[in-house]
Amino acid sequence: MESRVRYAEIRPYTVPEELAGPAAGVVVLPTVLDWTPKRVYDLSDDVDLRMLYETVIREAMHVEELRKFLDPVLLSAVWQRLWLPPRVRLMWEGRFPQLARRAA
């Protein structure tokens, strides 16, 4: 049986040392991160917040992008409800062990 490798399993992902993104307000993602018509996210809206975090975590190629758009408190609050590739989740929980504890 042929084993297929999924893109999410080999794609390079980045995990920052720290996060300093906004904790409130509206965020507009640059097209390099979000090329869909929905590039404006209201952090007070749970669906928008989760979509923003999933998009940034999956698409950011540079640590600066992650730092700029993600807040550590908000990340912790939504972590267990984010839809992320398993490898990404493990990488982030390795860097931020409190996320793994929060999800348990």
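Select Tyr53 first. Leaving aside residues up to four places away in sequence, Tyr53 touches Pro22, Phe69, Leu70, Asp71, Leu74, Leu75, Val78 and Leu82. Keep in mind throughout that this is a predicted model.

**The core around Tyr53**

Now widen the selection to the largest nonpolar core, which has 27 residues. Colour Tyr53, Val56, Ile57, Leu75 and Trp92: these touch the most other members. Next, show the elements that give two or more residues to this core: helix 2 (46-59), helix 3 (63-69), helix 4 (72-78) and helix 5 (86-95). Which of them gives the largest share? Helix 2 does, with 5 residues.

**Along helix 2**

Go to the N-terminal end. Asp45 caps it, with a side-chain oxygen 3.1 Å from the backbone nitrogen of Val47.

Now pick out the buried residues of helix 2: Asp48, Leu49, Leu52, Tyr53, Glu54, Thr55, Val56 and Ile57.

**Leu29 in its loop**

Move to Leu29, in the loop between strand 1 (26-28) and strand 2 (40-42). Is Leu29 buried or exposed? Its relative accessible area is 0%, so Leu29 counts as buried, the cut-off being under 20%. Show its contacts, again without residues up to four places away in sequence: Asp34, Arg39, Tyr41, Leu52, Thr55, Val56 and Phe69. Draw a line from Leu29 to Phe69, C-alpha to C-alpha. The two are 40 residues apart in sequence and 8.3 Å apart in space.

Stay with Tyr41 for a moment. The charged end of Lys38 sits over the Tyr41 ring, 5.1 Å from its centre.

**The aromatic rings**

The structure holds 2 aromatic pairs. Select Trp79 and Trp92. Their ring centres are 6.4 Å apart and their planes are at 35°, so this pair is tilted. The pair links distant parts of the chain: Trp79 belongs to the loop between helix 4 and helix 5, Trp92 to helix 5, 13 residues apart. Trp79 is buried, at 0% relative accessible area. Trp92 is buried too, with a value of 0%.

Trp79, Trp92 and Phe96 form one aromatic cluster.

Last stop: Arg89. Arg89 lies over the face of Trp79, at 4.7 Å from the ring centre.

Notes. Residues numbered from 1 in each chain as written. Predicted model: local features only at pLDDT ≥ 70, side-chain atom pairs only at ≥ 80, totals over all residues. Heavy atoms only, no water. Core = buried A, V, L, I, M, F, W, Y, C linked by side-chain atoms within 4.5 Å. Buried < 20%, exposed > 50% of the residue type's maximum accessible area, 1.4 Å probe, protein only. Helix = DSSP H or I, 4+ residues; strand = E, 2+ residues; numbered from the N terminus. Contact = heavy atoms within 4.5 Å. Polar contact = N/O pair within 3.5 Å; in protein donor to acceptor, adjacent residues only side chain to side chain. Phe/Tyr/Trp six-rings, centres within 6.5 Å; stacked < 30°, edge-to-face > 60°. Lys NZ or Arg CZ within 6 Å of the ring centre and 35° of its normal.
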